[in-house]
Amino acid sequence: MESEYRIPTVPVVTARFEHYVQNDSRNHGMFLRYVFPPHPVGFIPKEKLRGYVDGLNPVSGKPLMPEMVEALTKPLTEEEKNPVIEKRPKHPRLLPPDTEENLHRLFLENGWTDGLPIVLPTEERVAEMLTGTDRDPQEVVGRMSVTTHQERLEYTVEKVAVIAVMAGCRPEHLPVLLAIASTEIPAFPSSTTSFSSMIMVNGPIRHEIGMNCGLAALSPFNYANAVIGRAWTLMSINFGDARPGDTFMHSLGHPINYNNLCHAENEEDSAFEPYHVEKGFKPEESTVTLFRGWNYNGINLGPAKAMAEALKRQSSMGRAGTFLMDPLVSAHLKDEGFKTKEELRQYIANEAETFPQMINFIVVGGQTNPMWVLTDYTPSITVSIDKWIPKTGIKKDEKPLRMPQPVLCKDGICGI
Amino acid sequence: MSKNLITVLDPRGQPSGIFGKVLDLSNPMAILDPEKQPTTTLESMTGQKMADRLDTLEGKTVYLVETGFAGAADFMKEVQGWFQRNMPSVKTVLRSKRGNMFTDDPELWQEIKENGDAAIVGVGG
């Protein structure tokens, strides 16, 4: 409005966001004349709002409305007339040498971790991690920001490898991380509403790197699921520049932000076609799909009608959602007469009075209970992992690290 | 822990000179689509200038634009009430921005340019 339309403007933002918008203004090269009423202005009585308007700007200490009038009438300063955009310098590739103890402290105190212990990204470890792909370490993979408007930070294959080391990954996980990084999507954008995200992997890579799509797939009993999910969080912090109260404004935060519900789809036990095939990929392709939303609502049992009713009750993203269903549920739904996910989608959309394209299904779990979970996640993107895999195939350790496999019924006695 | 000095890589992404930009109104749901997030560059932002200020608001038209955040519409009504009580010669026009709080509304900006003198836009937060 100021620059393009030449309209003198006062942006009004509550005082809680002073630092956030002042930074934004600096990033964009105009020192806009913000005025800050107290926070919040939503869901409070009108009498209190009038008090805000008649009262002071808590940031400047000046009467609020006269400050607005002044912001529209006081001549521009030289600094305002000729703003200088601050170009931020690049960080050196290496941090100054220090002891292991001090470096752990540095990473933690600088906010470069998720609060849990990390593996320090030494040159040797990063070089080993880079054996997980054929790509040039200095190839730019993407740019990311957890905010809508601030500067996006650029990252290379090597930077993704640094994050992989920190998260505790092995080179076999790197192609999945590069695919995730290539989407440029942070796991938690800076909305005060506290978003969360979900990672779901399809295709042969699930088994090659030992991901869990079966029993307890969403619980902390699988190495690959754990470190891949964590790595996306560390990318979002370090590439997305997430700094609480500065660029990151989740009011409550979200526990799913730690691991992003990282899992694989149980394609083998599903009665339906895999998610990535629905989206046009070949069954033999490996893909990763990223979802975004807020809520993971269990426990649910029952037929398609119950699924439609649950979706109808869901309010956070309208009537959009992704169902995570145990393979037993997919079999029951097939018995109900739904031959494909598409038929099920059409039925639920009609019953819930919504659009079919707003409904998605993932089959995951170990067939101990015919449960389904309704999330309000919507898919952001599905991307191929294959182009990040070395020509010689996934780089595995001689003896790959694996947690104990779930104990499964092998003799048929349990009825599975 | 070992007291030997070790060298590690900096995990942070590098400044790119590429920034996000407000969404086009033609697709308000684009906020959910990572491939539809518009960007701008440091270079293209260079040379942006704030508009010249008015000598006075007396007798002028000020648009009060509510952004869609909770409480914004009620806040702007109170701002309008303040002008009516304290600066009655100022004509105020209350408007709601179309789309949602993340989208652009160039039609409204054009209307303000043609029919107004200044704008107060909010409330963010």
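A:Asp241 sits in the loop that links helix H10 (223-238) to strand S6 (263-264) of chain A. The model is predicted. Phi of A:Asp241 is positive, near 60°, and the residue is not a glycine. A:Asp241 counts as buried because 23 C-beta neighbours lie inside 10 Å, where the threshold is 20 or more.

A:Glu353 also has a positive phi, near 55°, and is likewise a residue other than glycine. Its place is the loop between helix H14 (341-352) and strand S10 (359-363) of chain A. A:Glu353 is exposed, because 10 other C-beta atoms lie within 10 Å and the limit for exposure is 12 or fewer. In general, most residues other than glycine have a negative phi, and most peptide bonds are trans. The peptide bond from A:His39 to A:Pro40 is cis, with omega near -10°. A:Pro40 belongs to the loop between helix H1 (18-27) and helix H2 (46-54) of chain A.

Chain A as a whole comes next. Its secondary structure comprises 14 helices and 12 strands. The C-alpha trace of chain A spans about 80 × 60 × 35 Å along its principal axes. Of the 416 residues in chain A, 48% are buried. Contacts in chain A were also examined by sequence separation. Among those between residues at least 6 apart in sequence, 76% join residues at least 24 apart.

One part of chain A contains a hairpin. Strand S3 (residues 140-144) and strand S4 (residues 151-156) of chain A form it, with six residues between them. The two strands pair in the antiparallel sense over four bridges. A:Gly142 has A:Tyr155 of S4(A) as its bridge partner. S3(A) is mostly covered, with four of its five residues buried.

Two packed helices are described by the angle between their axes and the distance between the axes. Helix H7 (residues 157-167) and helix H8 (residues 174-182) of chain A pack at an angle of about 120°, and their axes are 10 Å apart. At that angle, H7(A) is oblique to H8(A). The crossing of H7(A) past H8(A) is right-handed. On the H7(A) side, the contact is made by A:Val157, A:Val160, A:Ala161 and A:Ala164. On the H8(A) side, A:Leu174, A:Leu177, A:Leu178 and A:Ala181 take part. The residues of this contact divide into eight nonpolar, no polar and no charged.

H8(A) is largely enclosed by the rest of the structure, because eight of its nine residues are buried. The buried residues include A:Pro175, A:Val176, A:Ala179 and A:Ile180. A:Leu174, A:Leu177, A:Leu178 and A:Ala181 of H8(A) are buried too. A:Glu184 follows H8(A) and has a positive phi, near 65°.

H8(A) also lies across S5, S7 and S12 of chain A, and runs at about 50° to S7(A). These strands belong to an open sheet of four strands in chain A, with the order S6-S5-S7-S12 and mixed pairing. S6 and strand S12 (378-384) of chain A stand at the edges. Each has a single partner strand, so one side of each is left without a neighbour in the sheet. Strand S5 (residues 196-202) and strand S7 (residues 287-293) of chain A run antiparallel and are joined by seven bridges. One of the bridge pairs joins A:Asn202 to A:Thr287 of S7(A).

The interface involves 55 residues of chain B, in contact with 87 residues of chain A. Several elements give two or more residues to the chain B side, among them strand S2 (14-20), helix H2 (72-86), helix H3 (106-115) and S6 of chain B. S6(B) gives the most, with seven residues. By class, the chain B side has 31 nonpolar, 14 polar and 10 charged residues.

Strand pairing also crosses between the chains. Strand S1 (residues 9-13) of chain A pairs with S6(B) in the parallel sense over five bridges. A:Val12 has B:Gly122 of S6(B) as its bridge partner. A cis peptide bond joins B:Gly122 to B:Val123, with omega about 5°. B:Val123 lies in strand S6 (residues 118-124) of chain B.

How values were computed. Residues are numbered from 1 along each chain as its sequence is written. Chains are lettered from A and ligands numbered from 1 in the order in which they are written. This is a predicted model: local features need pLDDT of at least 70, side-chain atom pairs count only at pLDDT 80 or more; totals for chains, interfaces and linings use all residues. Two residues are in contact if their C-beta atoms, placed from the backbone, lie within 7 Å. Two strands pair if DSSP finds at least two bridges between them. Axes are lines fitted to C-alpha atoms, for helices over the stretch in contact, and angles run from 0 to 180 degrees between N-to-C directions. Angles under 35 degrees count as roughly parallel, over 145 as roughly antiparallel, 65 to 115 as roughly perpendicular and the rest as oblique. A crossing is left-handed if the near helix is turned anticlockwise from the far one by less than a right angle, and right-handed if clockwise. Ala, Val, Leu, Ile, Met, Phe, Trp, Tyr, Cys and Pro count as nonpolar, Asp, Glu, Lys and Arg as charged, and the others, Gly among them, as polar.
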